[in-house]
Amino acid sequence: MPEFSHLDEDGNVKMVDISMKPGTMRTARASGYITMKPETLLLLKENDLPKGNVLVTAKIAGIQAAKRTSGLVPLCHQLNLAWIDIDFTLEADRIAIAATVKTKEATGVEMEALTAVTVAALTVYDMCKAVDKSMEIGGVKLEMKTGGKSGVSTVYRPRTAILVVSDSIAAGRSVDKSGQILREGFEQAGCPVEGCRIVADEPADIAAVVEEWVREELELVITCGGTGLGPRDVTVETLLPKFTRRLPGVEQALFQWGQGKIKTAMLSRLAAGTIGASVVICLPGSVGAAKDALEVLVPVLFHAFEMMQGEGHK
């Protein structure tokens with residue numbers, strides 16, 4: 001069963017912690033309607049209702065409500081909304097309402113858009129109820145959202161392999177945690193993980209496994225470990241000369257995410273690039289780095305494989 005993000009392990013309600021998530025452009029569009037008698041709609045069109053201009057007032061009310069969503073819905077985050085718009089379409093016996101909300105924040109604005117539609121409809125009801133007791137509000141739903149993980153439309157999932165590079169894990173002195181986190185994360189994202197191995201910090205061993213996976217045409221190869229400043233940290237030195245192209249945007253995204261959480265992330269020498277038809281990403285070996293990589297890479301990175309197959313940008 002899917003886990004509810006607003007419940008803790010004991011089943012108590014909680015607010016989702018988004019403090020470590022970067023702000024990205026996010027948009028949501030919601031819609032709904034309010035039905036009424038044709039004669040009421042005619043009075044509204046002619047601005048002949050006793051309470052004044054209905055749609056102007058409803059639009060202002062909807063905008064105000066969107067800005068106050070966090071005060072109405074208990075676990076919503078308080079967001080800095082960049083743009084709100086509300087449209088009304090007059091039909092035969094109803095008014096269709098659509099609200100669009102934009103922000104550059106760490107979480108989406110679906111609730112703000114839904115709140116805007118609902119309060120706009122309630123305002124129409126309030127201003128028309130003196131002449132029409134039969135009105136009904138309905139059909140309130142989310143039409144579209146972009147940004148965050150759901151903002152990437154690709155359904156492609158690459159064949160994936162994960163290589164853990166660690167002397168202590170290879171010798172059995174430590175237990176692999178980061179590799180398992182990466183494997184579970186990519187599998188949950190729908191990627192077939194076709195390889196998962198552990199090798200010591202030896203250049204020949206690292207190169208042999210990665211080259212084997214490239215020959216097998218595994219599309220995404222993730223290495224975990226050997227990116228630090230220790231004398232045995234040789235993953236980057238081993239694989240960097242084999243890159244046919246670097247992926248600086250991927251590297252920067254991983255660096256920025258990590259540095260936003262822990263200052264020592266600046267000391268990592270992670271790398272990303274292509275070897276033949278495979279995307280190879282060299283990650284630090286910590287549990288935190290593995291979790292961060294899943295947040296950054298899934299599912300945005302998957303679009304790269306469509307591009308590599310000539311499908312272009314979407």
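These legends describe close-up views of a predicted model. Residues are numbered from 1 along each chain as its sequence is written, and side-chain values use heavy atoms, without hydrogens or water. Local features need pLDDT of at least 70 and side-chain atom pairs count only at pLDDT 80 or more, while totals for chains, interfaces and linings use all residues.

**View 1. The largest nonpolar core has 30 residues.** A nonpolar core is a set of buried Ala, Val, Leu, Ile, Met, Phe, Trp, Tyr and Cys residues joined through side-chain atoms within 4.5 Å. Buried means under 20% relative accessible area, exposed over 50%, and partly exposed in between (1.4 Å probe, protein chains only). Met36, Val54, Phe88, Ile95, Ile97, Val124 and Cys128 touch the most other members. Strand S1 (24-35), helix H1 (38-45), H2, strand S2 (81-90), strand S3 (94-105) and helix H4 (110-128) each supply at least two residues. H4 gives the largest share, 8 residues. Helices (H or I, at least four residues) and strands (E, at least two) are DSSP runs, numbered from the N terminus. In soluble globular proteins, nonpolar side chains tend to be buried together.

**View 2. Cys128 has contacts beyond its sequence neighbours.** Contact means heavy atoms within 4.5 Å. Leaving aside neighbours within four places in sequence, Cys128 is in contact with Met36, Thr40, Leu44, Leu49, Val54 and Met135. A second, separate core of 27 residues includes Ile162, Val250, Ile281 and Leu301.

**View 3. Helix H1 has buried residues and exposed ones.** Thr40, Leu41 and Leu44 are the buried residues of H1. Seen down the helix axis, they fall within an arc of 100°, so they line one face of H1. The arc is that of the directions from the helix axis to the C-beta atoms. Pro38 and Lys45 are exposed on the other side. H2, S2, S3 and H4 are among the elements that cover the buried residues.

**View 4. Asn47 and Glu217 have positive phi values.** Most residues other than glycine have a negative phi. Asn47 lies in the loop between H1 and H2, and its phi is about 55°. At 43% relative accessibility, Asn47 is partly exposed. Glu217 sits in the loop between helix H7 (203-215) and strand S7 (220-224). Its phi is near 65°. Glu217 is exposed, with a relative accessible area of 57%.
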